[in-house]
Amino acid sequence: MNGIEGLRQLPQKYGMVFLVLSILLSLLNCFFGYKLLRLWTTLLGFLIGGVGAYLAASAFDFEMTWAVLIGFVGGTVVGALSFSIYRFGVFLFTFIMGLGMGLQLFQQNEIAAWISGVLLGIGFAILSVSYIRQIVIVSSSLSGGINAGADLITLFHISDLWVSYLIEAVLVILGILVQLRTTQKKRYR
């Protein structure tokens, strides 16, 4: 379990770096989620496959070098699948966005957070198969805006709950508007 403990200690060691990185990625997702969809799905597939393969290799007591190599291969395979099978990548991306949003919204109650996150993730993922543009824009703006708002509140040590909700709402609305204005619906002839 040495590999799992190493992953758990990363946020504690590099907390501020992770917070700023989270804010930047959340803002990118909020305002450019649809335009960056292929990139996000490929990276998400790579991360999920890589971490999953690394953890599996660590559980079977592979040496660190082999565990990292197996993680890289697993990440590359799942990342390539996410890129080439577009709808699979969109399904995965929107599920993770819904899951993250539920976890962020109900973080005071862990059970409610996981249940709402899984339900939102499944709902977004199922709808995204038919309404890719609309669902990706809404889910990426919601997820990015809520996560960026919460991280900004943490960064600036703001304790007023209404300020948090206001910042998140403004970011979500602006994210949806920017994405709707900067992306066009494809017309099929």
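Me: In which helix is Thr 76 found?

Reply: This is a predicted model, and within it Thr 76 is found in helix H4, which covers residues 64–84.

Me: Is Thr 76 buried, partly exposed or exposed?

Reply: The general idea is to read the relative accessible area against two cut-offs, since buried means under 20% and exposed means over 50%, with partly exposed in between. Thr 76 has a relative accessible area of 38%, so Thr 76 is partly exposed. In space, the C-alpha of Thr 76 is 5.6 Å from that of Phe 46, although 30 residues separate the two in sequence.

Me: What secondary structure does the protein chain have overall, and how many helices and strands does that come to?

Reply: The protein chain comes to 8 helices and 0 strands, and, read along the sequence, the pattern is α-α-α-α-α-α-α-α.

Me: How does the radius of gyration of the protein chain relate to that of a compact globule?

Reply: Here the general idea is to set the value beside the one a compact globule with the given number of residues would have. For 189 residues that would be near 16 Å, and the protein chain has 18 Å, which agrees. Along its principal axes, the C-alpha trace spans about 50 × 50 × 30 Å.

Me: What share of the contacts joins residues 24 or more positions apart?

Reply: Among contacts in the protein chain with a separation of 6 or more, 69% are accounted for by residues 24 or more positions apart. As for burial, 37% of the 189 residues are buried, while the accessible surface comes to about 11700 Å², of which 72% belongs to carbon and sulfur atoms.

Me: Which residues make up the largest nonpolar core?

Reply: In soluble globular proteins, nonpolar side chains tend to be buried together. In this structure the largest nonpolar core has 11 residues, among them Tyr 34, Trp 40, Leu 44, Phe 93, Met 97 and Val 136. Helix H3 (37–59), helix H5 (86–105) and helix H7 (132–155) each supply at least two residues of this core, and H5 gives the most, with 4 residues. Leu 44 touches Leu 92, Phe 93 and Ile 96, if residues up to four places away in sequence are not counted. Apart from this core lies another, of 5 residues, including Met 101, Ile 135, Ile 146 and Val 172.

Me: Which value of phi does Asp 61 have, and where is Asp 61 found?

Reply: The point to look for is a positive phi in a residue other than glycine, and Asp 61 is such a case, with phi near 60°. Asp 61 is found in the loop between H3 and H4, and at 65% relative accessibility Asp 61 counts as exposed. His 157 also is not a glycine and has a positive phi, of about 55°; the place of His 157 is in the loop between H7 and helix H8 (161–182), and at 71% relative accessibility His 157 counts as exposed.

Me: Which residues does Phe 106 touch, not counting those up to four places away in sequence?

Reply: With those sequence neighbours set aside, Phe 106 touches Ala 112, Ala 113 and Ser 116. Phe 106 has its place in the loop between H5 and helix H6 (110–130), and counts as partly exposed at 40% relative accessibility. The C-alpha atoms of Phe 106 and Gly 117 are separated by 8.7 Å, with the two residues 11 apart along the chain.

Me: How far apart do the centres of the positive and negative side chains lie?

Reply: The protein chain has 11 positive and 7 negative side chains, and the centres of the two sets lie 29 Å apart.

Technical notes
Residues are numbered from 1 along each chain as its sequence is written. This is a predicted model: local features need pLDDT of at least 70, side-chain atom pairs count only at pLDDT 80 or more; totals for chains, interfaces and linings use all residues. Side-chain values use heavy atoms; hydrogens and water are left out. The radius of gyration is taken over C-alpha atoms; the globule rule is 2.2 Å times the number of residues to the power 0.38. Buried means under 20% relative accessible area, exposed over 50%, partly exposed in between (1.4 Å probe, protein chains only). Contact means heavy atoms within 4.5 Å. Accessible areas come from the Shrake-Rupley method with a 1.4 Å probe; for residues, only the protein chains shown count as cover. Lys and Arg count as positive and Asp and Glu as negative; His and the chain ends are not counted. The place of a charge is taken as NZ of Lys, CZ of Arg, CG of Asp or CD of Glu. A nonpolar core is a set of buried Ala, Val, Leu, Ile, Met, Phe, Trp, Tyr and Cys residues joined through side-chain atoms within 4.5 Å.
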